[in-house]
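Here's a quick walk through a two-chain model. Have the viewer open and follow along.

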Amino acid sequence: MSTFRSIVFSSVIAGFIVGLIVTAVQQFGTVPLILKAEVYEKAAEHKHEAAAPPQVTLVHDHAEHDHGAEAWEPRDGLERNLYTAGANILTGIGFALLLCGFFSVRSGATGEPISWHEGLMWGLAGFAVFTIAPGLGLPPELPGVPAAPLLSRQIWWTTAVLATSAGLGLIVFRRSMPAAIAGVVLIMLPHLIGAPELEHVETNVPSSLSHQFVVAVTLTSLVFWSLLGGLTSAAFAYFDRPASA
Amino acid sequence: MSQSPAAQTQVMQSQVTHLPVAARQVGRLAQSLMAMTLGLFIVGVVGFSHIDVIHNAAHDVRHSNAFPCH
């Protein structure tokens, strides 16, 4: 089996399983908090609509929100959760493809298959790169909490991810003092620059709810990355066997 | 189909084993990079697309993964 096919097979299987498990975990962790926050979000929107003339609200909606009134969205309940499951599975497959690419390069260079334990370590690296690092500057946010313009946050998030992965790479694979120092500096750099934030945030979403959400997102993400690292490496070691034998 | 799947696999394997080691490594690297690019593209669409319909479908996942949302 070609390397690409082995990677895709392993990633689809691991991503599917992890996506389903994480969807179940989210139903107890993050989703109830999102639904609670939306009650506050909707209450604030109604208050806003009542206070402002309709055409002003419309302009505001288009400028500030992605929730266009006319755009399709899944109905609450089963439909919404099915789309969440689908998006989780796709996210799992996407990140599994990324991990598996590294596994393939590593096992190609060493001639040894990747163990589940090494896969778990790569998964934890993914947790550090994609959750911890961007989450320091841009903590997980509930609906209804105003934030800086979307594009600027997406750019900072991407920068933090790139800097952290490059920094960790320098520390882990270069094994020299200057590279380690450069790695640490690189990891710190986006945080020294600072994530985009609003000067004044006004929300009626309680801060205790926001704090619970940060914990829930971080723990869910830890489950996601640990499982994804372990399962993807095990699946890849299985599918890649004939080619390396 | 003229060949059995097992015979086809054998042909593919013999082609792979006849390649020099360096060429095999390059092929492996290129295929790995291709897979990683595909992975990042999928995550990008699910987590970062500004298209309303994609945003609404993946809304809870974006919040749960702390991808920038709204």
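What percentage of the 70 residues of chain B count as buried? The figure is 36%. Keep in mind that this is a predicted model.

## Chain B on its own

Going along the sequence, the pattern reads α-α-α-α.

## Where B meets A

On the chain B side, 33 residues are in contact with chain A, and on the chain A side 49 residues take part. Three helices of chain B each put at least two residues into the side that touches chain A: H2 (21-48), H3 (52-57) and H4 (59-64). Of these, H2(B) gives the most, with 17 residues.

## Two domains in chain A

Now over to the other chain. Chain A splits into domain 1, covering 3-145 + 203-244, and domain 2, covering 148-197. Where these domains touch, domain 1 of chain A brings 9 residues and domain 2 of chain A brings 11 residues. The domain 1 side of that contact has 8 nonpolar residues, 1 polar residue and no charged ones.

## Helix H4 of chain A

Helix H4 of chain A runs over residues 78-110, which makes 33 residues. From first C-alpha to last, H4(A) reaches 46 Å, close to the 48 Å expected at 1.5 Å a residue. After H4(A) comes A:Gly111, with a positive phi near 80 degrees.

## H5 against H8 in chain A

Two packed helices are described by the angle between their axes and the distance between the axes. How do the numbers look for helix H5 (residues 116-137) and helix H8 (residues 207-239) of chain A? Their axes come within 7 Å and cross at roughly 150 degrees. As for handedness, the crossing of H5(A) and H8(A) is right-handed.

By class, the residues of the H5(A)–H8(A) contact divide into 9 nonpolar, 12 polar and 1 charged.

Key:
Residues are numbered from 1 along each chain as its sequence is written. Chains are lettered from A and ligands numbered from 1 in the order in which they are written. This is a predicted model: local features need pLDDT of at least 70, side-chain atom pairs count only at pLDDT 80 or more; totals for chains, interfaces and linings use all residues. Two residues are in contact if their C-beta atoms, placed from the backbone, lie within 7 Å. Helices (H or I, at least four residues) and strands (E, at least two) are DSSP runs, numbered from the N terminus. A residue is buried if 20 or more other C-beta atoms lie within 10 Å of its own, exposed if 12 or fewer, and partly exposed in between; C-beta atoms are placed from the backbone. The expected span of a helix is 1.5 Å times one less than its number of residues. Domain bounds come from an automatic or database domain assignment. Ala, Val, Leu, Ile, Met, Phe, Trp, Tyr, Cys and Pro count as nonpolar, Asp, Glu, Lys and Arg as charged, and the others, Gly among them, as polar. Axes are lines fitted to C-alpha atoms, for helices over the stretch in contact, and angles run from 0 to 180 degrees between N-to-C directions. A crossing is left-handed if the near helix is turned anticlockwise from the far one by less than a right angle, and right-handed if clockwise.
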